[in-house]
Amino acid sequence: MPMPGSAQGFSLYADDELKQRPGWIATQPFSNITFSIDLPQETCYVVYLAILRSYKGMGTFSVEVKDYGDDVKKERPPKKVTLKKDIDGLWDSPISVPSDIQITADDDPGCSGYCEVTIRTDPTVEGREGNKVKLLTLSAHRCSPTRKSSNKNR
């Protein structure tokens with residue numbers, strides 16, 4: 001995972017028993033972290049975020065992707081802002097596992113070169129034991145022309 005441009009309330013450490021699975025972890029509401037993606041100018045990259053999903057103590061958060069295209073210095077407003085709200089790290093299965101979440105779409109470019117990805121934790125959900133958010137990986141892949149064309153045929 002890249003080093004963030006800024007991190008408030010997130011720390012990088014391994015919280016598993018064997019200390020083998022590090023991630024950027026926040027346990028408080030209103031924590032935020034921003035990562036930069038700097039790739040060759042393309043028409044489309046898909047942004048993915050892998051998080052820890054678990055059955056206890058997990059919180060919710062939002063992800064925002066700002067696409068600056070070729071404007072590395074961010075001197076102009078973003079070309080596009082993609083916002084996905086209410087991602088939840090809690091689930092019913094009694095196991096903790098990494099889970100990939102696609103943030104931007106193949107057929108609607110959310111990142112075309114230089115982007116910033118900001119994750120913000122939400123207030124603690126009433127009735128939950130905690131508000132933990134654990135980020136494992138952030139990645140960007142070229143949009144899939146196969147997926148775009150197969151969606152058009154449906």
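This is a predicted model: local features need pLDDT of at least 70, side-chain atom pairs count only at pLDDT 80 or more; totals for chains, interfaces and linings use all residues.

User: How many aromatic pairs does a search of the whole structure find?

Analyst: The search finds 2 aromatic pairs. One is formed by W24 and F35, and another by Y68 and Y114.

User: What makes the pair of W24 and F35 edge-to-face?

Analyst: The planes of W24 and F35 stand at 70 degrees to each other, and the centres are 6.4 Å apart. W24 belongs to strand β3 and F35 to strand β4, 11 residues apart. Both residues are buried.

User: Why is the pair of Y68 and Y114 called tilted?

Analyst: The angle between the planes of Y68 and Y114 is 45 degrees, with 6.1 Å centre to centre. Stacked requires under 30 degrees and edge-to-face over 60, so an angle of 45 degrees is tilted. This pair joins strand β6, which holds Y68, to strand β9, which holds Y114, 46 residues apart. Y68 and Y114 are both buried.

User: Which residues touch the most other members of the largest nonpolar core?

Analyst: They are L49, I119 and L135, in a core of 23 residues. Strands that each supply at least two residues of this core include β3, β4 and β9. The largest share, 4 residues, comes from β5. Leaving aside residues up to four places away in sequence, L49 touches I119 and L135, and also F61 and V63, among others.

User: Why is Y55 called partly exposed?

Analyst: Y55 has a relative accessible area of 43%. Buried means under 20% and exposed over 50%, so Y55 falls in between and is partly exposed. Y55 lies in the loop between β5 and β6. Together with W91 and I95, Y55 makes a nonpolar surface patch of about 290 Å².

User: How do you know that K19 is exposed?

Analyst: The relative accessible area of K19 is 56%, and exposed means over 50%; therefore K19 is exposed. K19 is placed in the loop between β2 and β3. Its phi is near 55 degrees, a positive value in a residue other than glycine.

User: Is K74 buried, exposed or partly exposed?

Analyst: K74 has 37% relative accessibility, between the cut-offs of 20% and 50%, so K74 counts as partly exposed. K74 is found in the loop between β6 and β7. Although not a glycine, K74 has a positive phi of about 55 degrees.

Notes: Residues are numbered from 1 along each chain as its sequence is written. Side-chain values use heavy atoms; hydrogens and water are left out. A nonpolar core is a set of buried Ala, Val, Leu, Ile, Met, Phe, Trp, Tyr and Cys residues joined through side-chain atoms within 4.5 Å. Buried means under 20% relative accessible area, exposed over 50%, partly exposed in between (1.4 Å probe, protein chains only). Contact means heavy atoms within 4.5 Å. Rings of Phe, Tyr and Trp (its six-membered ring) pair if their centres lie within 6.5 Å; planes under 30 degrees apart count as stacked, over 60 as edge-to-face and the rest as tilted. Patches are made of residues with over 30% relative accessible area and no salt bridge: like charges are joined within 9 Å, nonpolar side chains (Val, Leu, Ile, Met, Phe, Trp, Tyr) within 5 Å. Accessible areas come from the Shrake-Rupley method with a 1.4 Å probe; for residues, only the protein chains shown count as cover. A salt bridge is a side-chain nitrogen of Lys or Arg within 4 Å of a carboxyl oxygen of Asp or Glu.
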